[in-house]
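The sequence and the structure are shown first.

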Amino acid sequence: MGVLVLAGILLLATVGCVCVVWASRGGPRWVRVVSAVTLGVAGIVKALVRGMGTSKGSSSGAGSDD
């Protein structure tokens, strides 16, 4: 069951990426909508991941570029 869920998520991500590329080359309206949704979700995930990294206490110095 878990494999099917992960396969579904992978399929959705792949279709989203294809739509982003297709929309950048001037695809139909539905492709531009799917592309916008994909980029929006990517931005939300990026913000969540970035927020998780800062909330764990970066005082340990691990991974700093100083």
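**Overview**

The protein chain contains 2 helices and 0 strands, helices (H or I, at least four residues) and strands (E, at least two) being DSSP runs numbered from the N terminus. The model is predicted, with local features requiring pLDDT of at least 70 and side-chain atom pairs counted only at pLDDT 80 or more, whereas totals for chains, interfaces and linings use all residues. Residues are numbered from 1 along each chain as its sequence is written, and side-chain values use heavy atoms, with hydrogens and water left out.

**Surface and burial of the chain**

- The accessible surface of the protein chain amounts to about 5,500 Å², and carbon and sulfur atoms account for 71% of it; accessible areas come from the Shrake-Rupley method with a 1.4 Å probe, and for residues only the protein chains shown count as cover.
- Of the 66 residues in the protein chain, 9% are buried, where buried means under 20% relative accessible area, exposed over 50%, and partly exposed in between (1.4 Å probe, protein chains only).

- Met-1 belongs to the segment before helix H1 (2-24).
- Met-1 counts as exposed because its relative accessibility is 78%.
- Together, Met-1, Leu-4, Val-5, Leu-6 and Ile-9 make a nonpolar surface patch of about 600 Å².
- Patches are made of residues with over 30% relative accessible area and no salt bridge, joining like charges within 9 Å and nonpolar side chains (Val, Leu, Ile, Met, Phe, Trp, Tyr) within 5 Å; a salt bridge is a side-chain nitrogen of Lys or Arg within 4 Å of a carboxyl oxygen of Asp or Glu.

**Aromatic pairing**

- The structure holds 1 aromatic pair.
- This pair is formed by Trp-22 and Trp-30 in an edge-to-face arrangement, at 5.7 Å centre to centre and with 90° between the planes.
- Rings of Phe, Tyr and Trp (its six-membered ring) pair if their centres lie within 6.5 Å; planes under 30 degrees apart count as stacked, over 60 as edge-to-face and the rest as tilted.
- Trp-22 has 39% relative accessibility and therefore counts as partly exposed.

**Residues of helix H2**

- Ser-35 is located in helix H2 (residues 29-55), and its relative accessibility of 7% is why Ser-35 counts as buried.
- Beyond its neighbours within four places in sequence, Ser-35 is in contact (heavy atoms within 4.5 Å) with Cys-19, Val-20 and Ala-23.
- Arg-32 also lies in helix H2, and is partly exposed, with a relative accessible area of 43%.
- Leaving out neighbours within four places in sequence, Arg-32 contacts Ala-23 and Gly-27.
- Arg-32 and Val-20, 12 residues apart in sequence, are separated by 7.4 Å in space, C-alpha to C-alpha.
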